[in-house]
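Visitor: I'm new to this one. Can you show it to me and take a few questions?

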Amino acid sequence: MSRYAKDFITQVVLRADLIPGTAPIPGPLPASVLAAMENYPERNAVNRSRTEVRVQKTPQGPVRDTRTINFPEFNFWTVGRTLHAAISGEYVLLSQQHYGGYEPFRDSFLELLDAMTAQFPTLRIRRLGMRYVNEIKLPEADAGPGLGADFWEHYVNPLLLGGLRFAANDEALARHICTTELNYGTDRATIRYGIFNGEYPKPNRRREFILDVDTYCQVQLTAEGAAAKLDDYHAAACQVFETAITDSLRARMGRA
């Protein structure tokens, strides 16, 4: 995705959800992990919670046991807030809104995981994911008229535009978002695409098409095993994007 002079990426996220108890942080973040965050001078800590539901079998039948788990979340930003890291005993997350390329972003995330693993050798990942959000915005006059399928078929694969063509009326459409889920065994992908419309429920008046690609696995991993998975997910996300767009959009984006 970074081989174009211009891209439409508005957010990219890498996230590792941890197996509870493998990286316990009941209080302040350990000094060794803080030392790895020297390039993230803006910081805060907030209290988070999650709800855990367990169903137990009893002679009287299934019983639901619901409890709330509280935990601290430590947030870090680089200068200018180009990168945001969130660290807790539940997950490690890195997000970026002004995308600077896959390799440096991946390496920054792996450094966070390495710092956590050095402090918590028992750390294990239960879900690893990569998400790219593309907002294809074409407000330029030379992009042509229209907001519906007749407009977008010049820039987006027509196979993704069936719902827009069904709606037909450019003046009435308020929102159209589709979801496609792919199951490759342990590896999964969720692709959301269509017209989001930030002014919903008003009729859409923007030339903006969303392509949101979330690739992930729900399998136990060590931090060492994360790098190869992320490379695979990046390749898959690029393939989805290239399949979803046309040469006309590639021409607008330009080669890097």
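Guide: Start with a hairpin: β4 and β5 form one, with three residues between them. Strands here are DSSP runs of E with at least two residues, helices are runs of H or I with at least four, and both are numbered from the N terminus. This is a predicted model, where local features need pLDDT of at least 70, side-chain atom pairs count only at pLDDT 80 or more, and totals for chains, interfaces and linings use all residues. Residues are numbered from 1 along each chain as its sequence is written, and side-chain values use heavy atoms, with hydrogens and water left out.

Visitor: How many bridges join β4 to β5?

Guide: Five, and the two strands run antiparallel. Strands pair if DSSP finds at least two bridges between them. Ala-86 has Leu-93 of β5 as its bridge partner.

Visitor: And how many join β1 to β5?

Guide: Six bridges, again antiparallel, with β1 covering residues 9-18. Arg-15 is bridged to Leu-93 in β5.

Visitor: Why is β5 said to be largely enclosed?

Guide: Six of its six residues, 91-96, are buried, so β5 is largely enclosed by the rest of the structure. Buried means under 20% relative accessible area, exposed over 50%, and partly exposed in between, using a 1.4 Å probe and protein chains only. Tyr-91, Leu-93 and Ser-95 are on one side of β5, and Val-92, Leu-94 and Gln-96 are on the other.

Visitor: New topic. What volume does the largest pocket have?

Guide: About 390 Å³. A pocket is an open set of points on a 1 Å grid over the protein atoms alone where a 1.4 Å probe fits, with protein on both sides within 12 Å along at least five of seven lines; lining residues have an atom within 4 Å of a point. The volume is the space filled by probe spheres set on the points, which are joined across faces, edges and corners.

Visitor: Which residues lie nearest its centre?

Guide: Leu-182, Tyr-184, Ile-191, Ala-236 and Val-240, out of 20 lining residues. The largest share of the lining, seven residues, comes from α5.

Visitor: Last one: is Asn-204 buried or exposed?

Guide: Asn-204 counts as buried, at 4% relative accessibility. Asn-204 sits in the loop between β8 and β9. A polar atom of its side chain lies 3.0 Å from the backbone oxygen of Arg-206.

Technical notes. Polar contact = N/O pair within 3.5 Å; in protein donor to acceptor, adjacent residues only side chain to side chain.
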